[in-house]
Amino acid sequence: MAYDKFKVLQSTAVPLPIENVDTDQIIPARFLKATERKGFGDNLFRDWRYNNDDSPKQDFVLNNPIYSGKILVGGKNFGSGSSREHAAWAIYDYGFRCVISSFFADIFKGNSLNIGILPVTVSEAFLDKIFKAIEADPKTELEVNLPEQKVTILATGESEGFDINGYKKHNLTNGFDDIDYLQDMKTEIAAFAEKSIY
Amino acid sequence: MSTNPTTLFDKVWDAHVVRKIEDGPDVLFIDRHFIHEVTSPVAFLGIENRGIGVMYPQRTFATADHNTPTINQHLPVADPLSAKQLAALSSNAEKYGISIWALGSPKNGIVHVVGPENGITQPGMTIVCGDSHTSTHGAFGSIAFGIGTSEVEMVLSSQCIMQPKPKKMRITVNGKLGKGVLPKDVALYIIAQITASGATGYFVEYAGEVFENMTMEGRMTVCNMSIESGARGGMIAPDETTFNYIKGRDKAPKGEDWDKALAYWKTLKTDADAKFDLELSFNGADIEPQITYGTNPGLGTGITRKIPKASEVKDGEASYKKSLAYMDFQEDENIIGKKIDYVFLGSCTNGRIEDFRAFASIVKGKKKADNITAWLVPGSHIVEAQIKEEGILDVLTEAGFELRQPGCSACLAMNDDKIPAGKYAVSTSNRNFEGRQGPGARTLLASPYVAAAVAVTGVVTDPRELIEEEATV
């Protein structure tokens, strides 16, 4: 799937200061029955977001109109659990392009990068600053600068750098993906496969 | 060898690197790829849209499991969305020449059960599947891990994925396990000690007497749960137990191929001086039957202990309290004696023949408690057949239990097997997340022994009270 190029994103952010947000919460298993990749945003955080009668739960952050934006800020160990890429699809489909946390589960991080969401890992201390800034003013804007690998709280100018490997950075900034890369390697792969004992 | 000691993980990984990308991931060749109906349809759609094909269809194996009903499997699947996903799996497999064990096939079952039992899973392989419990196959000394749908598309179209090499951890458990302690307890104990994110970024090798003495089924249970501590996967060095398990299975090498494979497999072990990024060790004698009380697999403890106080937990206090509120449990209260509504024996963690033997050994001669609804779901049709052949079904029936048909079932409740909101389930599966077994369902993870003890008493019960001394292993 081709995705949008990611360079510099300035946006307000939605805070979700909960640890161990697992992918069963991001998109419950019963919504994984589609055979196409569309419409998953409607069921993002379904059971935290809606009551059994489909009425919105007023205390959940996605139902609070004062919070909006293309950045989701989550607690430590975000995206743990199932390998379902549908979780990343749901986040993307809802409109987020970046998730910030102090710690991501590996598969979720990989899935996000593969579909054009930037997972940004910051220190616990900086994550706390972001949560506090949004709590003080929901209109707080963050700037996520991928070329410079830096996230900034615009109101205060406080910033912190983040890591990303060079290959993934190149892909995200150019909208390329791994499948394109691998297609160009097929002769090399076939030669490798010839030697396999399995 | 001694000049450059390497780990088992390094040996297998390095043997599969097609290309190293500077400041990027490795291009890793994949020996075996498993697909199921939930995470593959969009990958096939991607291939269609790009106008590319499947590079090595004979390296991919398809099975239907996540959505499948566990009763009346001979009838058409009632849920139209499930039926559509199952049909997509079958038509994609047929179109691209991929072998498939569809619903109704005598070899159908949960992907992580059918792979090993048919000899597809072998030591030294790289194995992936769009399912996080692919880590199960590491029990054979292979590198096996879960992937996302974009990666399923990568493997189908190029037989490779692009992965940064994880860090290495070794978890050593020496000593002897006590009475009534199963491999599931070992897994839950480790996760409770290191938390649900304690191994994130690592690939784990399990070493020590406890794993050396374990059966293949037990090793699969432990490696299956690796992902629940955040590990990318877990593996155990292959040995005679491994080779004996594989020999003679359908897709295992035969004749000269077997000898050649075996010679290679015997080299697959960590060298004496090899370095890990992190080493942890535990004592097997410290492990008692485990049970979880919270909403991630790290929130568990010994079955006779009290639920810890918030001040004692390693996870954040806010999520801990949210977790207890969801479960309607209090800090510092006993778990023993809690009334339970449902018991689920099954899943890729504990749906193998040994798990049914363990369950039956406890319920034999007793009766199912009236307040319990028990769903006993074999991991595959082959396991189902073994249950019947070994007389286990008779034991279960006499005790008032019924056997369902194979599939993932209530582990993730994508079919009709959902625990109702507010009800408590003791489950041998791998996850106790909020709503995992159905919206509002409350799950306590445990071993087949604990599940059996609960099934006959109706409350959380220490299985050691029901085990005859001479019957223990």
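Reader: How much accessible surface does chain A have, and what share of it belongs to carbon and sulfur atoms?
Author: The model is a predicted one. The accessible surface of chain A comes to about 8,100 Å². Of this surface, the share that belongs to carbon and sulfur atoms is 48%.

Reader: What percentage of the residues of chain A count as buried?
Author: A residue counts as buried when its relative accessible area is under 20%. Among the 198 residues of chain A, the share that counts as buried is 57%.

Reader: Which radius of gyration does chain A have, and what would a compact globule have?
Author: For 198 residues, a compact globule would have a radius of gyration near 16 Å. The value for chain A agrees with this. That value is 18 Å.

Reader: Which span of chain A does UniProt list for a domain, and how far apart are its end C-alpha atoms?
Author: An unreviewed UniProt entry lists residues 5-124 of chain A as "domain: Aconitase A/isopropylmalate dehydratase small subunit swivel". This span is 23% helix and 18% strand. Its end C-alpha atoms lie apart by 28 Å.

Reader: Which element of chain A do the buried residues of α2(B) pack against?
Author: Helix α2 of chain B covers residues 41-50, and its buried residues include B:Pro41, B:Phe44 and B:Ile47. Within chain B, the buried residues of α2(B) pack against β3 (32-35), α3 (80-96) and α5 (149-158). In chain A, their partner is α3 (86-94).

Reader: Which residue just after α2(B) takes a positive phi?
Author: The phi in question is about 70 degrees. The residue that takes it, just after α2(B), is B:Gly51.

Notes
Residues are numbered from 1 along each chain as its sequence is written. Chains are lettered from A and ligands numbered from 1 in the order in which they are written. This is a predicted model: local features need pLDDT of at least 70, side-chain atom pairs count only at pLDDT 80 or more; totals for chains, interfaces and linings use all residues. Side-chain values use heavy atoms; hydrogens and water are left out. The radius of gyration is taken over C-alpha atoms; the globule rule is 2.2 Å times the number of residues to the power 0.38. Buried means under 20% relative accessible area, exposed over 50%, partly exposed in between (1.4 Å probe, protein chains only). Accessible areas come from the Shrake-Rupley method with a 1.4 Å probe; for residues, only the protein chains shown count as cover. UniProt positions are given in the numbering used here, feature names are shortened, and annotations may be inferred rather than shown by experiment. Helices (H or I, at least four residues) and strands (E, at least two) are DSSP runs, numbered from the N terminus. Contact means heavy atoms within 4.5 Å.
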